Number of protein chains: 2
Amino acid sequence: MMNETIINAKKAVRSLIGLSDAKRTELLLKLADAISSSADGLLAANALDLASMDPANPLYDRLKLTGDRLDGIAADMRKVAALPSPLGRVLAERTLPNGLKLRKVSVPFGVIGVVYEARPNVTFDVFSLCFRSGNVTLLKGGRDADNSNRAAVALIKRVLAAEGIDTDAVNLLPATHEAVGELLGATGYVDLVIPRGSRRLIDFVRDNAKVPCIETGAGVVNTYFDACGDLQKGIRIVTNGKTRRVSVCNALDCLIVHSSRLADLPELVGGMPQVTLYADDRAFAALEGRFPSGKLLHADSDSFGTEFMDYKMAVRTVDSLDEAIAHIDRYGSGHSEAIVTEDKASAARFQAEIDAACVYVNAPTSFTDGAQFGLGAEIGISTQKLGARGPMGLEEITSYKWLIEGEGQTRP
Amino acid sequence: MMNETIINAKKAVRSLIGLSDAKRTELLLKLADAISSSADGLLAANALDLASMDPANPLYDRLKLTGDRLDGIAADMRKVAALPSPLGRVLAERTLPNGLKLRKVSVPFGVIGVVYEARPNVTFDVFSLCFRSGNVTLLKGGRDADNSNRAAVALIKRVLAAEGIDTDAVNLLPATHEAVGELLGATGYVDLVIPRGSRRLIDFVRDNAKVPCIETGAGVVNTYFDACGDLQKGIRIVTNGKTRRVSVCNALDCLIVHSSRLADLPELVGGMPQVTLYADDRAFAALEGRFPSGKLLHADSDSFGTEFMDYKMAVRTVDSLDEAIAHIDRYGSGHSEAIVTEDKASAARFQAEIDAACVYVNAPTSFTDGAQFGLGAEIGISTQKLGARGPMGLEEITSYKWLIEGEGQTRP
């Protein structure tokens, strides 16, 4: 027996198809206003969640809403309303010799399920992107944020109802394990599931989903400083990649350095004494006495392949581009990888052979972001190759269908 | 411990990236020649498989290779060699205000696994499409065709070796249940799995795959003859959709007829007296005495939602376009759906609201085919929305990556 909320989500798909694009943007603008004008109620619900969490918990800050944060959420929603519609784009068109007309046109997925943790802002972000692209939103949030999420979804439903739009355009599943199981098994009802959160959550969704899903986010990110790397560019790229924001998925986790450049290593990492380095033996020897001693540690078996999300970075020494590529093949997560080199042949090989969503030459991985890539917004960063890869904006959460028009032609 | 064949497939990805497109097409042309010149060996291996199967088994004909069939396989391979390369297409391009250059470029998936049944021709077809698009082929065929498949893969490997190309570009997994399990669980090694075969096989793959997979093929196909349908067009469309080839996935399974047109029903199906009809009560009454009596049966609960693959068709009566759309929503498989109507508004609503890969107005579903759609060839027809939808040719088995080139720019 299918969960009734999931059945209702599926039913709402057709009612959303009938909306005009003007109506979609209008709804988002009204909702943005309502978020600010209903801040008190949202903050009160959030306070209930916060009261159950130890403020020392690293999740506490992510769970916390404030008036400023709500204004930021509303501002982002207005930006999504201002983007061009991702629907109805003609992706291919042809007329067969018999006169049959074919058009490949972008359409919504239908029902998009998002499984996430204690981040109530995601509730609004996901709804705005899904709604703008004609998709029905089916949310499964974390138990820690359940009061906040329920208040957010109730507000969205009030605004939908006031505009005469099917309120099943968004639904929040219970914050239970059973609800995740039902969502992941809802073949024929749910068209796509996107997990947003920890590696553990993403692995769980991938391993249990019978509906199509997109792995997002987890980024074990490497930057390779080549034998022909420019030191000044390297310093900027490594420092920006590592320290711009350590808690995001595009942050640098491992610096790979060519052995012929070990003498430059102290300068290469010299701009970020606040970072703890886990260096292999050769890198350790090159850095010893030239980097704050408490911050220089020996790499162990866990140092590579770890997404640190912190002021921590592994350092690996290699003797060739091949070895650097092999390291990334083994430890990278297919998110963002960079090379610093003045050698065009090495750059070309790196870009051709590295299997990742975003492959950089002489630029930091901190640019991996939907807004930076011109997508306007971002629902996540895909690290798989089926469907969208890399930053996912509005177009990336549409599918397409072939529309064929004839006059009774038949196929011989 | 990962299966060694799967590890070798993953390793071969990088060696295929280094091939030129000219080398890829040359290999396929040489292989096409080798298929014809090695026909005796292939047929001898196939004879071993045939000897173990009852000739009355409906699979027998699909399993059987002949000299003519091998020539057909070779001819198809030459066609794939003649198609434009799907790799290196620039799908988007932009330069940021800071000078950073972004390009979104098509690339191979990497390792594509295909799980199929007793059809040895699929071995060659899949290899030619995967190889042309830079992908490594990992095959898991049916036990019934194991001798044929092993001979085919040995031949491909001989030609690869003669051309100095990594022979792990193709591998055949053992025809065991364990091998399927290993393939479907090979996260990080296998980039995409495509099942080709029965509904049962497709469901098994979808339900057990941890790697991304594409549901293909199974088509419960409907055609709706609207209140405003043109009878002559309708006759051609229904007859062509049902009888052109009954054993293919685009064949018509259910004719939906508007109740105001029941008087036309005998003529609408009159061109195909060889088809057994499973009619609902109103349709049965309209047809009784006006269709060969042995061929007219009452519909039961299994008649709708069945992919017949035979000279059989359900007939359903509805009182409105809404009811027709609801029927398709409930029973269709998202493959191909058609409406026959002269009413533009009904046609537009049908195309907007029907959730299927291919939605036809006044044309038969028999056109759903990669070659007909201009894709040149076809590895299958996707009935899901993540990744390619509908017929999948070479471009549809590529992914993309973002290549970013800078001069040491950083992100504020």
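At what angle do helix H6 (residues 120-132) of chain B and helix H7 (residues 146-162) of chain B pack? The angle is about 30°, and the axes lie 8 Å apart. This is a predicted model, in which local features need pLDDT of at least 70 and side-chain atom pairs count only at pLDDT 80 or more, while totals for chains, interfaces and linings use all residues. Residues are numbered from 1 along each chain as its sequence is written, and side-chain values use heavy atoms, with hydrogens and water left out.

**Helix packing**
- H6(B) passes H7(B) in a right-handed crossing (near helix turned clockwise from the far one by less than a right angle).
- In the contact (heavy atoms within 4.5 Å), H6(B) contributes B:Pro120, B:Thr123, B:Phe124, B:Phe127 and B:Phe131.
- Residues from H7(B) include B:Ala152, B:Val153 and B:Ile156.
- The contact of H6(B) with H7(B) has 9 nonpolar, 3 polar and no charged residues.

**Aromatic pairs**
- Over all chains there are 8 aromatic pairs (ring centres within 6.5 Å; planes under 30 degrees apart count as stacked, over 60 as edge-to-face and the rest as tilted).
- A:Tyr278 and A:Phe308 are stacked, because their ring centres are 5.6 Å apart and their planes are at 10°.
- A:Tyr278 is in strand S9 (residues 276-279) of chain A and A:Phe308 in the loop between strand S10 (296-298) and strand S11 (312-318) of chain A, so the pair ties together parts 30 residues apart in sequence.

Technical notes. Chains lettered and ligands numbered in written order. Axes fitted to C-alpha atoms, helices over the stretch in contact; angles between N-to-C directions. Helix = DSSP H or I, 4+ residues; strand = E, 2+ residues; numbered from the N terminus. Nonpolar A, V, L, I, M, F, W, Y, C, P; charged D, E, K, R; others polar. Phe/Tyr/Trp six-rings, centres within 6.5 Å; stacked < 30°, edge-to-face > 60°.
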